[in-house]
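Have a look at the model first, then try each task before reading its solution.

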Amino acid sequence: MAGHEAQVWGLAYSHDGARLATGSHDGTAKVWDAHSGQEVLSLDAHAMPIQAVALSPDGTKLATGSLDGTAKTWD
């Protein structure tokens, strides 16, 4: 996916299908507008690859899990 500097390892759609979250081998997490494909948010989230991402049901929080052994939540 354009925007990450390495492979995307995790992705999740928001409950309403309006947003897509991705996590990459480069340690970044991004949120995209699922309709336009435009990047909405980019986070330099972890020092190691992100394996998993999830969006809260109301779409206000992002969770990321990484090979660095941590999980983080973002507002």
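Buried means under 20% relative accessible area, exposed means over 50%, and partly exposed is in between (1.4 Å probe, protein chains only). You're looking at a predicted model, where local features need pLDDT of at least 70, side-chain atom pairs count only at pLDDT 80 or more, and totals for chains, interfaces and linings use all residues. Residues are numbered from 1 along each chain as its sequence is written, and side-chain values use heavy atoms, with hydrogens and water left out.

**Exercise 1.** Find the salt-bridge partner of K61, and classify both residues as buried, partly exposed or exposed.

Step 1: a salt bridge needs a side-chain nitrogen of Lys or Arg within 4 Å of a carboxyl oxygen of Asp or Glu. K61 pairs with D75, with 2.8 Å between the closest N and O atoms.

Step 2: K61 sits in the loop between β5 and β6 (62-66) and D75 in the segment after β7 (71-74), so the bridge ties together parts 14 residues apart in sequence. Strands are DSSP runs (E, at least two residues), numbered from the N terminus.

Step 3: K61 is partly exposed because its relative accessibility is 42%, while D75, at 77%, is exposed.

Conventions. Helices (H or I, at least four residues) and strands (E, at least two) are DSSP runs, numbered from the N terminus.
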